Structure formats: structure tokens, C-alpha cells
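Welcome, and please open your viewer. We will go from one selection to the next, with a short note on what you will find at each stop.

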Amino acid sequence: MRPYVIISSLVIAALFLGFNTPSNPVYISGHIRHNPKDTSVFLAGLNVFVKGGTQILAKTNTDKNGNFNLSFTPKDEKSFEFFCYGPGTDSILIASIKTFESDTPEMIFYIPAHIKRNALGNVKCLKCNKTDEVYPIRYGDAPIYTSRTTESGEKVLSPIYKGKYQAGACIVRTAKYYCDRDKVKF
Ligand SMILES: [Zn+2]
């Protein structure tokens, strides 16, 4: 009984201390690289920003080689979303991560990100990892907005038409997919 009590007290103490330790800032050395499947993006001078939930935690620009440094202090965010945009590039999600491996991580991002698929070949969302609300992006003429009914019975305009997200013609075609759950392109 005794060792058990000691161990559980230690575990409880560790949890307690863990939750109360102020988190350290992270200093990210980031590198944006071309995805060999689409090398159209110009890597210099891209705007990079990190979101935790709806809040922008930090933003910066890439140097001429696509490298950047970014620093912020994580709090209780469930995940961190890295986005970037630049001349002719719409805001695109390049990574969603849960934790950082150290306080000074070296991170490589691909633009567009590498696409993961499930066993059926359906594209997984970069953020929620699910496939059910992911749509390929259709580039072309004026977007066709369709109305659809939400679960609560509310009618909303949806940019999704015939199973594709309507992006319009003015955007450089970097993002290939859109997740309607997270409202992100990647
Ligand atoms: Zn998603």
C-alpha cells in the first residue's frame, strides 16, 4: 500500500506542478520549401503567421530563401496553425501541430503542404485530420454560391457547389483543398 500511495502522490504532484508551470516562449527557426508537386510559389517575402484558436500569436516574413524566425509563448492552445500568404498567394494553411519538440524547434514547411489520404484515398484535412468536410478547390470563373441548410435548420450561403469549393479566378492556384469544418485552405 505504502509505495502505491507515494507513487500516486508523486503523480498528482507532477500533474499539479505541470499545470501551474508557466510555459516558456518558443523560438522557431522555420524554413518554407517547395512541394515538388507545385513549385509555383515565390518563397521570398511570404507573410507567415501562427494562430492558436482564433488568435494570431505571431507573424513575420520569410527572407529571400524562404527562412523565417518566429517567437511566441504558448498558453493552453489545443493546436497551432501555421499559415502563409504572399503576393498572389491566398492565405494557406501549411501545418497544424499540437506541441513543439523543444523551445527552439527547427521546422521545415512545404507550400503547399504534403497531402495525406486515408485508406480509401480521401484527402485528410491538415487541421482536423478528417476527410468528411474536405473539398477540392475549383479555380475558374466567378464563384457560384449555393445556399444550404445547416444542422440547426439555418440557411447559409456556401461556396461549395457540386462537391467543390469555389475559389474564383483571381487567386494563384496554390491551395488544392478546403476543409469546411475548419474553414481553411491547404
Ligand atoms: Zn478540418
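**First stop: the core**

Start by selecting Phe82, Cys84, Ile92, Leu93, Ile94 and Phe186, the residues with the most contacts inside the largest nonpolar core, which has 25 residues. A nonpolar core here is a set of buried Ala, Val, Leu, Ile, Met, Phe, Trp, Tyr and Cys residues joined through C-beta atoms within 7 Å. Buried means 20 or more other C-beta atoms within 10 Å of a residue's own, exposed means 12 or fewer, and partly exposed is in between, with C-beta atoms placed from the backbone.

Next, colour β2 (47-52), β5 (80-86), β6 (89-97) and β13 (177-179): each of them supplies at least two residues of this core. Now colour by domain: domain 1 (1-114) and domain 2 (128-180) both give residues to the core, so it lies between them. Those domain bounds come from an automatic or database domain assignment.

Before moving on, a word on the model: it is predicted, local features need pLDDT of at least 70, side-chain atom pairs count only at pLDDT 80 or more, and totals for chains, interfaces and linings use all residues. For your selections, residues are numbered from 1 along each chain as its sequence is written.

Stay with Leu93 for a moment. Which residues is Leu93 in contact with, leaving aside its neighbours within four places in sequence? They are Glu81, Phe83, Leu126, Lys127, Val184, Lys185 and Phe186. Contact means that the C-beta atoms of two residues, placed from the backbone, lie within 7 Å.

**Zooming out**

Show the whole chain as a cartoon, and you have one helix and 14 strands. These are DSSP runs numbered from the N terminus, with helices (H or I) of at least four residues and strands (E) of at least two. Of the 186 residues, 20% count as buried. Among contacts between residues at least 6 apart in sequence, 59% join residues at least 24 apart.

**Second stop: a three-stranded sheet**

Select β4, β1 and β7, which form an open sheet in that order, with mixed pairing. Its edge strands are β4 (67-72) and β7, each pairing on one side only. From one strand to the next, the twist averages 30 degrees, taken between lines fitted to C-alpha atoms, with angles from 0 to 180 degrees between N-to-C directions.

Keep β1 (residues 26-34) and β7 on screen: they pair in the parallel sense over six bridges. Two strands count as paired if DSSP finds at least two bridges between them.

Then pick Tyr110, in strand β7 (residues 106-111). Is Tyr110 exposed or partly exposed? Tyr110 is partly exposed, because 17 other C-beta atoms lie within 10 Å. Leaving aside neighbours within four places in sequence, Tyr110 is in contact with Arg33 and Asn35. Draw a distance from Tyr110 to Arg33: they are 77 residues apart in sequence, yet 4.9 Å apart in space, C-alpha to C-alpha.

Move on to Pro112, in the loop between β7 and β8 (134-139). The peptide bond from Ile111 to Pro112 is cis, with omega near -5 degrees.

Asn129 is also placed in the loop between β7 and β8. Asn129 has a positive phi of about 70 degrees although it is not a glycine, and is exposed, with 11 other C-beta atoms within 10 Å.

Finish at Lys183, in the loop between β13 and β14 (184-185). Lys183 has a positive phi of about 55 degrees, and is not a glycine either. With 11 C-beta neighbours inside 10 Å, Lys183 counts as exposed.
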